[in-house]
Amino acid sequence: MFPQENHSNGYQHQQGYSHRERVRRGTCRSRASTSSHSHSVRVYDQPRPPCTDFDVAYFHSYAHLGIHQEMIKDRVRTDTYRDAIMQHQSFIAGKVVVDVGCGTGILSIFCAQAGAKRVYAIDASDIALQANEVVKANNLSDVVVVLHGRVEDVEINEEVDVIISEWMGYMLLYESMLGSVINARDRWLKPGGLILPSSSTLYMAPVTHTDRYSDSVDFWRNVYGIDMSAMVSLAKQCAFEEPSVETITGENVLTWPHVVKYIDSYSVTIQELESVTAKFKFNSMMRAPLHGFAFWFDVEFNGHAIPSTNYHSTTSFVDNHQMNGSQRKRRTNPNEALVLSTAPEDPPTHWQQLYACATLAARMLSPHQVACGARLH
């Protein structure tokens with residue numbers, strides 16, 4: 001269907017670049033550059049970020065099969081993405097799609113099954129080699145083009161109609177690929193194009209976690225009949241010096257959640273993510289010890305692009321909306337939006353929740369910094 005530029009079955013990798021990752025980074029040239037089709041190309045003159053040692057290590061970690069198996073086995077995650085693709089089939093059929101961080105290629109294949117004309121499946125991790133084999137095994141090489149490299153380096157010589165990505169990290173932004181989604185959007189997305197997911201929200205709430213506290217701290221008060229209470233102060237320090245990804249139940253949550261950050265996929269900028277600031281005041285709904293804070297997120301797949309003139313007004317409404325004394329995002333009508341939630345009260349996902357004190361949570365978002373001020377009544 002397309003000229004193959006010395007590569008077979010759509011797989012392409014350009015030598016001379018560091019190549020690791022599941023989607024954020026790339027360095028390849030697409031076959032479309034020699035196609036007989038007429039393409040419009042947007043001029044993108046922003047400097048490309050360097051590939052750091054951290055990036056290389058990150059990409060290498062996603063070359064391992066286990067992490068992809070864990071994600072695919074997460075039925076909440078995978079079924080929601082497939083449902084979102086089919087729900088937006090009318091925007092995908094016959095159109096050009098970019099899958100940012102394609103991993104094993106499953107979302108790219110879902111898009112091909114929904115009738116996409118062409119899917120660029122981009123991943124800087126060596127898992128792209130296996131993704132290409134998966135594409136071939138499913139006889140989709142004429143539709144899905146696997147590009148092995150960073151999104152920031154890959155060349156696609158046509159504008160695209162749809163960007164899809166499972167970019168979310170723990171606590172939404174930790175090790176996330178949102179920067180690469182923004183890069184792909186600004187380089188290739190047509191005006192009025194579709195981004196899936198369309199928005200995301202990071203929440204936090206104070207929690208009580210007596211069982212965890214007891215296992216980590218109270219354990220030292222009596223060890224095989226020996227008084228080891230001298231270890232308690234050190235145990236307290238160690239127990240909370242590192243955040244942890246774990247399951248927090250709804251019973252642990254002391255208040256209504258607070259919105260730390262709402263992200264509109266169509267308008268968010270890299271600069272906006274450099275520092276995330278939230279001030280909050282909580283009113284506890286029960287009498288219980290405060291042991292820390294839980295963080296979780298949800299993402300929404302709520303239809304086609306909002307006109308650009310509405311981007312800032314929409315975000316402003318969400319940022320300023322108040323409910324129950326804390327910032328709450330007004331949820332879209334469930335009949336109009338598909339939501340993937342990692343909240344404590346929802347079905348569990350591989351993201352679980354992040355448990356930490358506020359200062360530790362700030363470290364977790366590095367290089368995204370969170371400044372927090374808290375009052376709990």
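The following legends describe close-up views of a predicted model.

**View 1. Strand β2 and the burial of its residues.** Strand β2 spans residues 118–123 and is mostly covered, with six of its six residues buried. R118, Y120 and I122 point one way from the strand, whereas V119, A121 and D123 point the other way. The residues on both sides, including the charged R118 and D123, are buried.

**View 2. Pairing of β1 with β2 and the helix that links them.** Strand β1, formed by residues 96–100, pairs with β2 in the parallel sense over five bridges. Within this pairing, V96 stands opposite R118 of β2. Together with helix α5 (residues 106–113), the two strands β1 and β2 make a right-handed β-α-β unit.

**View 3. Helix α5 and the residue G115.** Helix α5 is mostly covered, as six of its eight residues are buried. These buried residues are L107, S108, I109, F110, C111 and A112. The helix is followed by G115, which has a positive phi near 100°.

**View 4. Pairing of β2 with β3 and the crossover through α6.** Strand β3 (residues 144–148) pairs with β2, again in the parallel sense and over five bridges. The bridge partner of V119 in β3 is V144. Between β2 and β3 the chain passes through helix α6, residues 127–137, and this β-α-β crossover is right-handed.

View 5. Helix α7 comprises residues 178–188, and nine of its eleven residues are buried, so the helix is largely enclosed by the rest of the structure. The buried positions are L178, S180, V181, I182, N183, A184, R185, R187 and W188. Among the elements that cover them are strands β1 and β2, described in the views above, together with β4 (160–164), β5 (189–196) and β8 (258–264).

**View 6. The buried acidic residue D74.** D74 lies in the loop between helices α2 (65–73) and α3 (75–87). The residue is buried yet has no salt bridge. R77 provides the nearest side chain of opposite charge, at 5.8 Å from D74; a salt bridge would require a side-chain nitrogen of Lys or Arg within 4 Å of a carboxyl oxygen of Asp or Glu. Leaving aside residues up to four places away in sequence, D74 touches P348, T349, H350 and W351.

Key: Residues are numbered from 1 along each chain as its sequence is written. This is a predicted model: local features need pLDDT of at least 70, side-chain atom pairs count only at pLDDT 80 or more; totals for chains, interfaces and linings use all residues. Side-chain values use heavy atoms; hydrogens and water are left out. Buried means under 20% relative accessible area, exposed over 50%, partly exposed in between (1.4 Å probe, protein chains only). Helices (H or I, at least four residues) and strands (E, at least two) are DSSP runs, numbered from the N terminus. Two strands pair if DSSP finds at least two bridges between them. A crossover is right-handed if, with the strands pointing away from the viewer, the path from the first strand over the helix to the second runs clockwise. Contact means heavy atoms within 4.5 Å.
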